Amino acid sequence: PADHVIRVAPQVAATKGSYTTDKLTKFDLLVEDSNNPASKYTYSNTVFKKGESGWTPSKMLLWSKSDAEVLVYAIAPSAGIESTVSVDDINYGQNGVALEVQAEQTKDDCSSDYLGWASGKKKVSELLGTDGKLKFAFTHLLTRFTVTFKLGTEFNVSGVPAQDIISDVVVSGTARDFKLKGATGYTSFTVTPGTAASDIKPYNVGWTSAENAQGYCSSVYECILVPQTVTAGGLKISFKAAGKNYEWVSAEDYTLNGNTAYTLTLKVGKDVVIASGFTATEWKEGTGSSLYTE
């Protein structure tokens with residue numbers, strides 16, 4: 001643009017659950033002048049906030065010129081602290097940027113759903129739309145993990161439960177912390193999980209009562225996990241059904257990828273929890289992948 005001001009028009013790639021374009025209200029933008037990283041047109045993380053008139057940065061950022069080669073990163077949620085992370089920190093820092101998902105997650109809090117966008121090294125003119133704005137679409141850096149509890153007919157003997165009887169759900173065996181780094185070519189990010197496994201409490205997203213005593217009630221829980229491979233016996237789901245303690249432990253390795261949604265379906269009887277199969281789908285609107293047991 002004639003005044004060189006950096007203006008943005010971000011979106012979140014069409015997704016189901018967690019962050020959406022409407023929910024995105026704040027993010028960090030990082031810019032590096034590729035040919036002169038030390039120039040005044042290189043900016044550490046700067047917070048952009050959404051207001052009635054559009055997106056406004058906490059300080060004015062400028063492009064140097066239209067044919068300048070730049071590398072731009074955008075990350076949400078915002079770190080909330082200005083100028084603590086640079087493009088070089090992400091690309092060349094010894095361990096990248098340290099982040100983590102919440103140990104107890106809630107439906108209305110997107111803080112664990114990290115989003116990212118990386119431009120690759122391009123000329124400013126190649127990144128801007130006809131209106132002079134930097135337009136880009138965030139993608140999910142982590143994993144959406146859904147557990148569907150399918151309750152056996154035994155739980156209907158005294159009458160079909162009208163309210164959710166699943167409680168105290170805990171997902172164990174994955175690392176909550178991770179390092180974020182720039183990937184080869186600088187058009188994406190790599191996520192490296194920590195080494196220590198932690199417990200994560202997912203949130204409830206739905207309950208469906210059976211139509212009759214011969215049907216199956218179901219309860220659904222979700223959380224955000226860090227992409228990683230969990231070896232056999234490492235992934236555990238513990239919960240209560242009608243006040244009784246249950247747990248399911250994986251019998252094989254599971255690999256969880258970023259920007260991917262997984263659904264684990266557990267069939268719960270009075271004395272047993274069973275699961276089998278494993279498929280995945282891109283994290284987007286539509287029918288989710290499932291890990292079914294029949």
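Let's begin with Asp 3 and Arg 7, whose side chains come together in a salt bridge, 2.6 Å from N to O. Keep in mind that this is a predicted model. Asp 3 is partly exposed, since its relative accessibility is 40%. Arg 7 also counts as partly exposed, with a relative accessible area of 33%.

How many salt bridges turn up in a search of the whole structure? There are six. Here are three of them, with the N to O distance for each.

| Pair | N to O distance |
|---|---|
| Asp 3 and Arg 7 | 2.6 Å |
| Glu 100 and Arg 176 | 3.9 Å |
| Arg 144 and Glu 222 | 2.9 Å |

Now for the pair made by Glu 100 and Arg 176. Glu 100 sits in strand E6 (residues 97–100), while Arg 176 is in the loop between strand E11 (166–174) and strand E12 (177–182), so this bridge ties together parts 76 residues apart in sequence. Arg 176 has 18% relative accessibility; buried means under 20%, so Arg 176 counts as buried.

Then there's Arg 144 with Glu 222. Arg 144 belongs to strand E10 (residues 143–151) and Glu 222 to strand E16 (residues 218–225), so the two link parts that are 78 residues apart in sequence. Both Arg 144 and Glu 222 are buried.

On to the nonpolar side of things. The largest nonpolar core is made of 50 residues. Which ones have the most contacts inside it? They are Tyr 73, Phe 145, Phe 149, Ile 237, Phe 239, Leu 266 and Val 268. Apart from this core there's another, of 27 residues, including Trp 63, Leu 115, Leu 128 and Phe 136.

Back in the largest core, take Ile 237. Setting aside neighbours within four places in sequence, Ile 237 touches Phe 145, Val 147, Phe 149, Val 169, Val 170, Val 171, Tyr 246, Glu 247, Trp 248, Leu 264 and Leu 266.

Searching the whole structure gives one cavity of 30 Å³ or more. The largest cavity holds about 70 Å³ of space. Among the residues lining it are Ser 18, Gln 102, Lys 107, Asp 109, Cys 110, Tyr 203 and Ile 224. Sorted by class, the lining has three nonpolar, five polar and three charged residues.

Key. Residues are numbered from 1 along each chain as its sequence is written. This is a predicted model: local features need pLDDT of at least 70, side-chain atom pairs count only at pLDDT 80 or more; totals for chains, interfaces and linings use all residues. Side-chain values use heavy atoms; hydrogens and water are left out. A nonpolar core is a set of buried Ala, Val, Leu, Ile, Met, Phe, Trp, Tyr and Cys residues joined through side-chain atoms within 4.5 Å. Buried means under 20% relative accessible area, exposed over 50%, partly exposed in between (1.4 Å probe, protein chains only). Contact means heavy atoms within 4.5 Å. On a 1 Å grid over the protein atoms alone, a cavity is a set of points where a 1.4 Å probe fits but cannot get out, and a pocket is an open set with protein on both sides within 12 Å along at least five of seven lines; lining residues have an atom within 4 Å of a point. Grid points are joined across faces, edges and corners, and a volume is the space filled by probe spheres set on the points. Ala, Val, Leu, Ile, Met, Phe, Trp, Tyr, Cys and Pro count as nonpolar, Asp, Glu, Lys and Arg as charged, and the others, Gly among them, as polar. A salt bridge is a side-chain nitrogen of Lys or Arg within 4 Å of a carboxyl oxygen of Asp or Glu. Helices (H or I, at least four residues) and strands (E, at least two) are DSSP runs, numbered from the N terminus.
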